[in-house]
Amino acid sequence: TMCQSEARRGPELRAAKWLHFPQLALRRRLGQLSCMSKPALKLRSWPLTVLYYLLPLGALRPLSRVGWRPVSRVALYKSVPTRLLSRAWGRLNQVELPHWLRRPVYSLYIWTFGVNMKEAAVEDLHHYRNLSEFFRRKLKPQARPVCGLHSVISPSDGKILNFGQVKNCEVEQVKGVTYSLESFLGPRTPSEDLPFPPATPHSSFRSQLVTREGNELYHCVIYLAPGDYHCFHSPTDWTVSHRRHFPGSLMSVNPGMARWIKELFCHNERVVLTGDWKHGFFSLTAVGATNVGSIRIYFDRDLHTNSPRYSKGSYNDFSFVTHANKEGIPMRKGEHLGEFNLGSTIVLIFEAPKDFNFRLQAGQKIRFGEALGSL
C-alpha cells in the first residue's frame, strides 16, 4: 500500500524535484528585488508580470509558491511611459512627408478611422505637409452650423459618454465609474481672481461652486475619437477668468479604458478653464490622452503641455483677470477655443437652474454646434 501510494506520487515527487532548483533561484532573485528601490523594483518585475498575463496561469504557478504576486493590469498599464511615447508621436507628426507619400498615408488614416474629408476646408490631401496639419484640419464654414435656440451646444465632435447632475461631489466618467469633483478640478485656491464664492466651514466642494440659490451643478463628458474633428469651441457665451494646468499621465481615454481605470480623468494631464456664464459657474476641461502631443488654447500663449518633467499631483494656475483686463477672456458661443493633436476628451461642469434639461442620450454621436441642453 505504501509502495503503491509512493508509486502514485512518483510523478509529483519528480516534478517537485524539477521545480526545487528554480524555486531556490527565484527566492534568491526575489530577495534581491525586495532590497531594491521602488523604481528599480518596478523595472525588474515587469518581465515576470508580462509573462504572467501572456502565459497560462498553471505554467507560472511556481512563482506564486515562492511569494511573487503579479502587478495588477491597471498598475502595469500605468507604468507604460505614455508621456514619452506621446512626445515622440508629437515630434513624428511634425515631420514633413514627401509629396508622393501624403496621399497613401492620409488615405490609410481616413479608411481606418472613417474621416469625412468632404467637410474639410481643403480636401486635397497633398495640401497637408505633415500628420499634425492633417489632424488639425479646418472645416468648411457651413459644415457645422451653430444652434442658436439652445443655451449650451457641443464644443466638439465626439461621443457622449455621460451627462447629468453632479451628486455627492462625484462625477461619472462612464456609467458606474466615478471620479472626485475636487480631484478633477483641483482644490479651491483663496484668490479673488478665481470664480468661486466665499467658502463656509464644513461646506462641500460642490456647494462652493454653486453661486446662486436654487441652482444645480451639471456635467457632460464628450469623447473625441482619432477620426473626429480635433478642434473645440466655446459651448456658450461665457467669460474665462482662470486656467489650471495639471501635468499628469497620458493614458488612453477611450470608453473601454474609462470603464477600467477609476478616476482616469484625474490621473491624466488636463487643462481646466473656469469662469462664469449668465447662470453662474462654468468650466471646460480639455483632458489629454496617449499620443496627444499637445493641448492648445488659442488665447493662452503661456500654456505648455506634455513637458518632460513634472511633479505628480502638481498644477499650475494662471489668472486672466488682471489690472489691465478686469473682465477676463470673453468667449462667444461657437468661437474657436483650442485643439488637440489627436482625439481626447472634453468635460463640461457648470451651474444652471433646476429646470435645465439635457437633450442627449448616453453613447450617441454628436457634432460641434449641436444642442447639448437648454432651459
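These legends describe close-up views of a predicted model.

**View 1. The largest nonpolar core of the model.** This core has 32 residues. Phe232, Trp238, Ile346, Leu348, Phe350 and Leu372 have the most contacts inside it. Several strands give two or more residues to this core, including strand 5 (215–223), strand 7 (238–246), strand 8 (270–277) and strand 9 (280–287). Also among them are strand 10 (295–297), strand 12 (329–331), strand 13 (336–340) and strand 14 (345–353). Strand 14 gives the most, with four residues. In soluble globular proteins, nonpolar side chains tend to be buried together.

**View 2. The surroundings of Phe350.** Residues up to four places away in sequence are not counted here.

**View 3. Aromatic pairs around Phe350.** The count of aromatic pairs comes to 22. In one of them, the ring centres of Phe282 and Phe350 are 5.4 Å apart and the planes stand at 25°, so this pair is stacked. Phe282 belongs to strand 9 and Phe350 to strand 14, so the pair ties together parts 68 residues apart in sequence. Phe282 and Phe350 are both buried. In the pair of Phe350 and Phe358, the ring centres are 6.2 Å apart and the planes stand at 65°, so this pair is edge-to-face. Phe350 and Phe358 are both buried. Ring pairs also build a cluster: Phe163, Tyr218, Trp238, Trp277, Phe282, Phe350, Phe356 and Phe358 are linked in it.

**View 4. Arginine charges over aromatic rings.** The charged end of Arg137 sits over the ring of Phe134, and its distance from the ring centre is 4.9 Å. The charged end of Arg270 sits over the ring of Phe246, 3.9 Å from the ring centre.

**View 5. Asp157, a buried residue in a loop.** The loop runs between strand 1 (152–153) and strand 2 (158–165). Asp157 has 6% relative accessibility, so it counts as buried. The side chain of Asp157 makes a polar contact with the side chain of Arg144, at 2.6 Å. A polar atom of the Asp157 side chain also lies 2.7 Å from the backbone nitrogen of Phe368. Leaving aside neighbours within four places in sequence, Asp157 is in contact with Arg144, Ile222, Tyr223, Leu224 and Asp228, among others. Tyr229, Ile366, Arg367 and Phe368 are also in contact with Asp157.

Notes:
Residues numbered from 1 in each chain as written. Predicted model: local features only at pLDDT ≥ 70, side-chain atom pairs only at ≥ 80, totals over all residues. Heavy atoms only, no water. Core = buried A, V, L, I, M, F, W, Y, C linked by side-chain atoms within 4.5 Å. Buried < 20%, exposed > 50% of the residue type's maximum accessible area, 1.4 Å probe, protein only. Contact = heavy atoms within 4.5 Å. Phe/Tyr/Trp six-rings, centres within 6.5 Å; stacked < 30°, edge-to-face > 60°. Lys NZ or Arg CZ within 6 Å of the ring centre and 35° of its normal. Polar contact = N/O pair within 3.5 Å; in protein donor to acceptor, adjacent residues only side chain to side chain.
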